Amino acid sequence: MTEKRFSREHIWIEKIGSRTYRIGLTPFAIERLGEVIAVELPVKGERVQAGQAIGTVETAKTVTDLYAPLNGLVSEINLRLMEEPDLLNRNPLDQGWVAVLESSDSAALWSNEEYDTFVKGESK
């Protein structure tokens with residue numbers, strides 16, 4: 001497993017192949033949202049642009065958009081989230097992944113340390 005990188009929109013990105021990336025919501029985002037009750041996943045086969053809304057997460061408090069962290073093609077989605085949306089609460093960095101993107105994008109993403117610094121600023 002490679003080191004995860006992070007986007008400003010609280011999405012984690014893990015390189016799992018030469019041009020393949022698994023993405024999901026960070027624990028910080030999940031903690032702020034609360035208990036997840038429904039997930040709208042991106043469309044498999046859809047081309048997406050970094051920053052584009054590609055799905056939603058619904059909690060008792062709100063509905064929030066999921067944003068693509070990279071330009072690319074949605075090659076896989078985690079259908080298990082449709083039946084078990086609380087996987088995002090229970091295991092956001094592993095079983096709670098949202099989608100897999102195929103991308104040659106080299107977007108500027110943050111390391112864990114850089115993301116922690118950003119989160120500390122948002123928590124104030």
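This is a predicted model: local features need pLDDT of at least 70, side-chain atom pairs count only at pLDDT 80 or more; totals for chains, interfaces and linings use all residues.

Q: What is the basis for assigning the name "Lipoyl-binding" to residues 20-102?
A: The label comes from the UniProt record, an unreviewed entry that annotates residues 20-102 as a domain of this name, and such annotations may be inferred rather than shown by experiment.

Q: Why is Val57 called buried?
A: Buried requires a relative accessible area under 20%, and Val57, with a relative accessibility of 1%, therefore counts as buried. Val57 belongs to strand S6, which comprises residues 53-59.

Q: What makes Leu88 a contact of Val57?
A: Contact asks for heavy atoms within 4.5 Å, and Leu88 is listed among the residues that Val57 touches, which also include Leu25, Val36 and Thr64. The 9.4 Å between the C-alpha atoms of Val57 and Leu88 is another quantity, given for two residues 31 places apart along the chain.

Q: How do you know which residues of helix H4 are buried, and why are they said to line one face?
A: Within H4, residues 112-122, the buried residues are Tyr115, Phe118 and Val119. Viewed down the helix axis they fall within an arc of 100°, so they line one face of H4. Their cover includes strand S1 (5-6) and helix H1 (27-33).

Q: What makes Glu113, Thr117 and Lys120 exposed, and where on H4 are they?
A: Exposed requires over 50% relative accessible area, and Glu113, Thr117 and Lys120 are classed as exposed, on the face of H4 turned away from its buried side.

Notes: Residues are numbered from 1 along each chain as its sequence is written. Side-chain values use heavy atoms; hydrogens and water are left out. Helices (H or I, at least four residues) and strands (E, at least two) are DSSP runs, numbered from the N terminus. Buried means under 20% relative accessible area, exposed over 50%, partly exposed in between (1.4 Å probe, protein chains only). The arc is that of the directions from the helix axis to the C-beta atoms. Lists of a residue's contacts leave out its neighbours within four places in sequence.
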